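Subject: Structure handover and findings

Here is the structure for your files. My notes follow below it.

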Amino acid sequence: MSNALAATLILLTLVVLALIFAVIALARQIGILHTRLAPAGALMTTAGPKLGEKITNMSIPDIHGKPVAIGASGNGIKAAKAQLLLFVSPSCPICKELVPTAKSMALSDNVDLIFGSDGGQAESHLQYIEKMKLQDYPYIVSLELGMRFEVGKLPYAVLIDESGALRSKGLVNSREHLESLVTAMQSGYESIQDYLVKKGHLEGSAS
C-alpha cells in the first residue's frame, strides 16, 4: 500500500512540475507576442479635412441653441485649450462605453470636450444627455458638423489644437484610441503608426 502511495505522490509531483514548466513557457510566449505587437491608435481615415488644415469660422448652436465655436475664430487669437470633438449617437453601444472615458481623459489632458451627432429626434438626445450626465458639455446635433468632417462610422473623434489646426482624427472605441489622438498632437506625428514607421519600428511608408 505504501509503495502505491509513494508512486502516486511521485506521479502527482511530475504532473505539477510539468504544469509549472508549461505555464512558464506560455508566459514567455505571451511576453514575446506583446513586445511584437505595435500599440493600436485610432483608425485614421482619409475622408474629410487633412491633418494640419485650419478649421475656422465654425459656430454651430448646440442642442439648447447656444453657439459653440469650433476651431479658430479667424482673427489669429488662439483658443485657451485644444478641442476634442467626439461624434456619438444614442443608439451606439460603443459610444455609451466611451463617453465616461472621454470625459475623464478630457479632464486629465486639459482639452475642451464637445459632443456631436448628425441627426435624430431631439428628445432622444436630451434623454441621452441626462442619462450620460453630459449637461456640462456642449452637445451639437448638426448634419453640417458631421458633413464637415465626413464622419462615416461611430464613435469618431477629431482633435483641433489651440490655433484651430486639425491635429488628429479617427475611429475610436477605447481609451487607448482616444489617448493616441492627444499623443499625436503632442508629438507632432500624425498617428502612433506614423511614429512607428518613421522611427523604423514598422515597415511601410509614412504618410
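Is glutamate 150 buried, partly exposed or exposed? Glutamate 150 is partly exposed, with a relative accessible area of 47%. The classes are buried (under 20% relative accessible area), exposed (over 50%) and partly exposed in between, with a 1.4 Å probe and protein chains only.

Two notes on the basis. This is a predicted model, in which local features need pLDDT of at least 70, side-chain atom pairs count only at pLDDT 80 or more, and totals for chains, interfaces and linings use all residues. Residues are numbered from 1 along each chain as its sequence is written, and side-chain values use heavy atoms, with hydrogens and water left out.

Overall layout

The chain has 6 helices and 7 strands. Helices (H or I, at least four residues) and strands (E, at least two) are DSSP runs, numbered from the N terminus. The order from the N terminus is α-β-β-β-α-β-α-β-α-β-β-α-α. Of the 207 residues in the chain, 35% are buried. Contacts are heavy atoms within 4.5 Å. Among contacts with a separation of 6 or more, 65% join residues 24 or more positions apart. The accessible surface of the chain is about 12400 Å², and carbon and sulfur atoms hold 59% of that. Areas come from the Shrake-Rupley method with a 1.4 Å probe; for residues, only the protein chains shown count as cover.

Nonpolar patch

Look at the surface around Ile24. A nonpolar patch there is formed by Ile10, Leu14, Val16, Leu17, Ile20, Phe21 and Ile24. Together these residues have about 690 Å² of accessible area. Patches take residues with over 30% relative accessible area and no salt bridge; like charges are joined within 9 Å, and nonpolar side chains (Val, Leu, Ile, Met, Phe, Trp, Tyr) within 5 Å. Isoleucine 24 sits in helix α1 (residues 2-36). Isoleucine 24 is exposed, at a relative accessible area of 51%.

Helices α2 and α5

Helix α2 (residues 93-109) and helix α5 (residues 175-187) cross at roughly 35°, with their axes within 10 Å. Axes are lines fitted to C-alpha atoms, for helices over the stretch in contact, and angles run from 0 to 180 degrees between N-to-C directions. The α2 and α5 crossing is right-handed. The rule: left-handed if the near helix is turned anticlockwise from the far one by less than a right angle, right-handed if clockwise.

On the α2 side, the residues in contact are Leu98, Thr101, Ala102, Ser104, Met105, Ser108 and Asp109. On the α5 side they are Arg175, Leu178, Glu179 and Val182. Aspartate 109 belongs to helix α2 and is partly exposed, at 28% relative accessibility. Aspartate 109 and valine 182 are 73 residues apart along the chain, yet their C-alpha atoms are separated by 7.9 Å.

Salt bridges

Side chains of opposite charge can pair when their charged atoms come close. The cut-off is a side-chain nitrogen of Lys or Arg within 4 Å of a carboxyl oxygen of Asp or Glu. The count is 3 salt bridges.

- Arginine 148 pairs with glutamate 53 (3.5 Å, N to O). Arginine 148 is in helix α4 (residues 143-148) and glutamate 53 is in the loop between α1 and β1 (58-61), so this pair ties together parts 95 residues apart in sequence. Arginine 148 is partly exposed at 29%, and glutamate 53 is partly exposed at 31%.
- Aspartate 161 pairs with arginine 167 (2.7 Å, N to O). Aspartate 161 is buried, at 10% relative accessibility. Arginine 167 is partly exposed, at 33%.
- Glutamate 179 pairs with arginine 175 (2.8 Å, N to O). The two are 4 residues apart in helix α5, about one helical turn. Glutamate 179 is partly exposed at 33%, as is arginine 175 at 30%.

Backbone points to check

Most residues other than glycine have a negative phi, and most peptide bonds are trans. Here are the exceptions I noted.

- Glutamate 150 has a positive phi, near 50°. Glutamate 150 is in the loop between α4 and β6.
- The peptide bond from leucine 154 to proline 155 is cis, with omega near -10°. Proline 155 is in the loop between α4 and β6 (156-160).
- Lysine 133 has a positive phi, near 60°. Lysine 133 is in the loop between α3 (122-132) and β5 (139-141), and is exposed at 58% relative accessible area.
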